[in-house]
Structure formats: C-alpha cells, structure tokens
Amino acid sequence: MIVELNGLAGVGKLTIGRIVAQSLDARLIDNHTIYDPAFATTDFGSEEFRKTVRAVRAIVFDRATHLPGSTPILLTIAPGRDRNWGEEWQDAIRRLADARGVPLYGVHLRCAPAELARRIADPGRAGTRKLTDAAVLADGADRPVLLDHCDRRFDLDITALSAAEAAEAILRWVRGEAG
C-alpha cells in the first residue's frame, strides 16, 4: 500500500509519518526529501525550482516502483496555492500506486488555526528549511487538499491529539481498510 499524509505545513506530517512508517515497516518519503534539493539550488517558485522538483520526484518515484510490492510506502505532501501543481503531484502519486499495483490511502491531517500557528513556530523546525512563519499560512484554510486520486480517504482532526495518538488513529484506519 501507499499511505499519503496530506496537510498544511506544521501540522505534524513528518512526526506522525515516522511513527506510522515504523509501525508498518514502510519506506518514508517525506515531501522535503524531494523539495530540499530544489530549495538548495534554485529560487522558490521559479521554473527551475519546478524542474528540479520534477526531476528529483521522478528519480525517487522510479526507485519506489522497484521496491517489493509487500513494502508499504508512506508519503507526506503539503497542499500549495497552485492547484495545477497540486494536480501534477496528485497524478504522479496515482501513477506510482498504479505502477506498484497497490492501493493508495489518503489521510488529510487538519488542525485548528491557533494550534497550527503554535506548532509551526516550534523551535525544532528552525534550520530545517521548513516553514516557521505562521503568517504565511493565513490563507491555508483556502488551500485545497487534493485526495481525489486516492482509493480511500480519511479526514483526521489532530488539534487535540499527540503525534502518537494521531498515528494510532491512522494505523487503525489503514489496517481496517486493508482488511
């Protein structure tokens, strides 16, 4: 299976994803695995940035198609302002699931704005190329979370949950869906 954790910056995708991936013995492909080379070598949002992201994503997803079918993959993805870019990602993830012949489970992690602002300002995010300015997310509620490409979808409000509690809820859902 592929499990896609989708949510705004700071919601806890990577922290929760690490717990879920360990429990499922899954390979974790965090969105920063793909984005960081572009952040390091190009200007954010430029055509060169997108070309770099596409190239890195193509390499990572190609390698992922060669993993044994029994190896789960956990992806983290953040919705952006550009719907076309989001749909491009959606298509790439769907093609990955199809190439592997596995189901694609989408999880939307959401959090109340005040709690999200607290999380995004966490000092542990500094120096990691992760967004730390809550003001940038002021329009985040309007960003579409694209999970239409997934075989099954789960919406999880993690405002009052610890990372371990959120991971456990996801694991219960995934295991129930996987039968």
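This is a predicted model: local features need pLDDT of at least 70, side-chain atom pairs count only at pLDDT 80 or more; totals for chains, interfaces and linings use all residues.
The expected span of a helix is 1.5 Å times one less than its number of residues.

**View A. Helix 1 (residues 13-24) and its span.** With 12 residues at 1.5 Å a residue, helix 1 should span 16 Å, and this agrees with its end C-alpha atoms, which are 16 Å apart. Just after helix 1, aspartate 25 adopts a positive phi of about 55°.

**View B. Buried and exposed sides of helix 1.** The buried residues of helix 1 are Lys13, Leu14, Ile16, Gly17, Val20, Ala21 and Leu24. Around the axis they cover an arc of only 155°, which means that they lie on the same side of helix 1. Arg18 and Gln22, on the other side of helix 1, are exposed. An α-helix has 3.6 residues a turn, so residues three or four places apart point the same way.

**View C. Strand 1 (residues 2-6) and its neighbours.** Strand 1 is mostly covered, five of its five residues being buried. Ile2, Glu4 and Asn6 point one way from strand 1, whereas Val3 and Leu5 point the other way. Strand 1 pairs with strand 3 (residues 73-77) in the parallel sense over five bridges, and leucine 5 stands opposite threonine 76 in strand 3. Strand 1 also runs parallel to strand 4 (residues 104-110), to which five bridges join it; here glutamate 4 stands opposite glycine 106 in strand 4.

**View D. The salt bridge between aspartate 82 and arginine 50.** The closest N and O atoms of aspartate 82 and arginine 50 are 2.8 Å apart in this salt bridge. Aspartate 82 lies in the loop between strand 3 and helix 4 (83-100) and arginine 50 in helix 3 (residues 47-65), so the pair ties together parts that are 32 residues apart in sequence. Aspartate 82 counts as partly exposed, at 30% relative accessibility.

**View E. A network of salt bridges around arginine 54.** Glu47, Arg54, Arg57 and Glu88 are linked in a network of salt bridges; the structure holds 11 salt bridges. Arginine 54 forms a salt bridge with glutamate 47, with the closest N and O atoms 3.4 Å apart. Arginine 54 is partly exposed, its relative accessible area being 29%, and glutamate 47 is likewise partly exposed, at 42%. In the salt bridge of glutamate 88 with arginine 54, the closest N and O atoms are 2.7 Å apart. This pair links distant parts of the chain, with glutamate 88 in helix 4 and arginine 54 in helix 3, 34 residues apart. Glutamate 88 is partly exposed, with a relative accessible area of 22%.

Technical notes:
Residues are numbered from 1 along each chain as its sequence is written. Side-chain values use heavy atoms; hydrogens and water are left out. Buried means under 20% relative accessible area, exposed over 50%, partly exposed in between (1.4 Å probe, protein chains only). Helices (H or I, at least four residues) and strands (E, at least two) are DSSP runs, numbered from the N terminus. Two strands pair if DSSP finds at least two bridges between them. The arc is that of the directions from the helix axis to the C-beta atoms. A salt bridge is a side-chain nitrogen of Lys or Arg within 4 Å of a carboxyl oxygen of Asp or Glu.
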